[in-house]
Amino acid sequence: MGNAQSPPSNPRYVSATRAFTPKELEDLKSLFNHLAAQSQSNAKYVSPSVFQSYFRLHGPLGKRMFDLVTQERKDQTLTFEDLVVAKASYEKGTKDEIEEFIFRLLDVSGDNFVGRSDLESVMNAIFNDILCIKGSEDRSSSHQDIVNIFLNTANFSGHNEGGTEETMSFEDFRSWCAHLPSVRKLLGSLLLPSDSGRPGSQIPILLTLKAIDPNIILLRKEYAWHIGGALTQHELEDWKLLYHSAVNGLSFNTFLGNISNHAGPTVLVIRDKEGNIYGGYASQPWERHADFYGDMKCFLFQLNPKASIFRPTGANSNLQWCAINFSSEDIPNGIGFGGRVNHFGLFLSANFDQGHTFTCSTFGSPCLSNTNRILPEVIECWGVTQGALQDKNGALKGTVLERFKEDRHMLNMVGLANSSE
């Protein structure tokens with residue numbers, strides 16, 4: 001009868017293995033064996049509950065991810081071949097392949113359409129289960145309000161035939177991700193271990209004086225996470241409140257004095273009298289200039305009623321503006337971003353009592369408020385503490401408190417110093 005032949009290999013699996021090094025495949029096999037051993041499957045497959053627990057993906061998002069990884073067989077079993085094929089496409093594929101996988105992941109209802117209810121389930125899972133921000137902060141905005149600002153950024157240009165809900169096209173999805181880089185980063189890293197520092201999961205520590213009422217702070221954790229999506233890892237450590245108009249007064253001079261000792265980037269956040277919240281990331285210090293300056297790391301953002309990031313388009317280099325005590329009308333005193341003189345993407349006058357915002361080619365941004373003229377109600381400025389320097393051997397120099405001696409008083413004020421020692 002001849003020798004028995006081994007079953008033919010799955011061509012998708014064979015192709016997928018080429019995306020990994022032998023060491024990576026070995027590590028994947030070890031991970032699979034570890035999870036299968038917990039699944040009571042004689043080490044043959046991984047169960048949905050073990051998969052969802054390990055990757056900290058619960059509810060509809062976890063179920064949908066399991067379905068996609070198992071190629072929607074609905075047999076409740078995840079094999080080693082499934083894991084390799086999914087990670088090859090989701091993590092090692094082309095940009096189009098990765099985004100197609102994420103777009104399918106958003107369809108948590110499994111009806112082949114992505115609607116607002118799907119996005120709502122995904123954003124709730126992100127905040128509740130992955131970032132563990134459960135709306136426990138005593139703020140005027142509810143948890144659902146925060147979820148809605150991310151949904152409000154989305155376009156739904158399609159329609160579910162036979163249904164009533166508008167749906168998101170693939171191009172709508174790409175536009176949504178472009179304006180929400182934190183969401184895109186996180187949705188592209190969900191098959192990494194939850195304790196591995198997934199891209200998109202970092203939230204800066206917001207340092208404020210203990211005496212400041214937290215309810216007056218504009219920059220919520222969710223907002224900081226959103227802004228941080230456009231930044232590098234070493235810019236997502238500590239953000240220190242340098243200026244708050246409710247504490248320091250609406251004063252340009254006080255603002256400049258408070259930030260003068262901070263050499264790094266800053267985050268400017270404004271709430272106007274109509275309730276809109278927006279601002280800009282200044283990569284360079286706020287210093288007196290008679291013309292635009294800055295670099296391509298600057299960007300504008302919206303926080304409420306919708307969340308969006310607007311990065312430089314390359315159309316011009318009119319990135320950052322800081323004019324102090326000039327007498328010429330051609331050099332308006334104040335701070336701003338983008339656009340052109342007297343027609344900025346965002347501008348605050350030196351009196352801090354008014355400003356304006358216009359559609360801006362520098363950042364491809366719209367008017368950030370309801371009208372071009374803005375009347376600030378609250379202004380905040382946060383100093384971004386960049387990652388610690390390394391010595392020539394790559395080791396961090398000293399302890400946290402030694403590296404940031406100037407922040408020791410701040411750490412004591414917020415009750416962090418003892419925990420850092």
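This is a predicted model: local features need pLDDT of at least 70, side-chain atom pairs count only at pLDDT 80 or more; totals for chains, interfaces and linings use all residues.
Me: What makes strand 3 and strand 4 (residues 238-244) a pair?

Reply: They run parallel and are joined by 3 bridges. Two strands pair if DSSP finds at least two bridges between them, so 3 bridges qualify. One spot to look at is Leu-207, which stands opposite Lys-240 in strand 4. Helix 13 (residues 252-259) packs on the sheet here, touching strand 4, strand 5 (266-272) and strand 14 (376-385). Its direction makes about 150° with that of strand 4, where angles run from 0 to 180 degrees between N-to-C directions and axes are lines fitted to C-alpha atoms, for helices over the stretch in contact.

Me: Which strands are the edges of the open sheet of 7, and what makes them edges?

Reply: The order is 3-4-14-5-6-7-8, with mixed pairing. Strand 3 (205-207) and strand 8 (308-310) are the edge strands, as each pairs on one side only. Neighbouring strands of this sheet are turned by 25° against each other on average, direction ignored.

Me: Why is strand 6 (residues 277-282) described as largely enclosed?

Reply: Buried means under 20% relative accessible area, exposed over 50%, partly exposed in between (1.4 Å probe, protein chains only). 6 of its 6 residues are buried, so the rest of the structure largely encloses it. Ile-277, Gly-279 and Tyr-281 point one way and Tyr-278, Gly-280 and Ala-282 the other, and all are buried. Strand 6 pairs antiparallel with strand 5 over 6 bridges, with Thr-266 opposite Ala-282. The hairpin of these two has 4 residues between the strands, and Gly-275 there takes a positive phi near 90°. Strand 6 is also joined to strand 7 by 5 bridges, again antiparallel, and Ile-277 has Asn-304 as its bridge partner.

Me: Is Ser-349 buried or exposed, and how do you know?

Reply: Ser-349 has a relative accessible area of 13%, so it falls in the buried class. It lies in strand 11 (residues 343-349). Leaving aside neighbours within four places in sequence, Ser-349 is in contact (heavy atoms within 4.5 Å) with Asn-333, Gly-334, Gln-354 and Gly-355.

Me: What makes its link to Asp-353 a polar contact?

Reply: The two side chains come to 3.3 Å. A polar contact is a pair of N or O atoms within 3.5 Å; within protein, one must be able to donate a hydrogen and the other to accept it, and residues adjacent in sequence count only if both atoms are side-chain atoms.

Me: What makes something a nonpolar core, and which residues have the most contacts inside the largest one?

Reply: A nonpolar core is a set of buried Ala, Val, Leu, Ile, Met, Phe, Trp, Tyr and Cys residues joined through side-chain atoms within 4.5 Å. The largest has 85 residues, and those with the most contacts inside it are Met-65, Met-123, Ile-126, Phe-150, Trp-176, Leu-190 and Trp-239. A second, separate core of 29 residues includes Tyr-278, Cys-298, Ile-324 and Cys-381. Phe-150 is also one of the buried residues of helix 8 (residues 143-151), whose cover includes helix 11 (221-228) and strand 7 (299-304).

Me: Why is helix 11 called mostly covered?

Reply: 7 of its 8 residues are buried, among them Tyr-223, Trp-225 and Ile-227.

Terms used. Residues are numbered from 1 along each chain as its sequence is written. Side-chain values use heavy atoms; hydrogens and water are left out.
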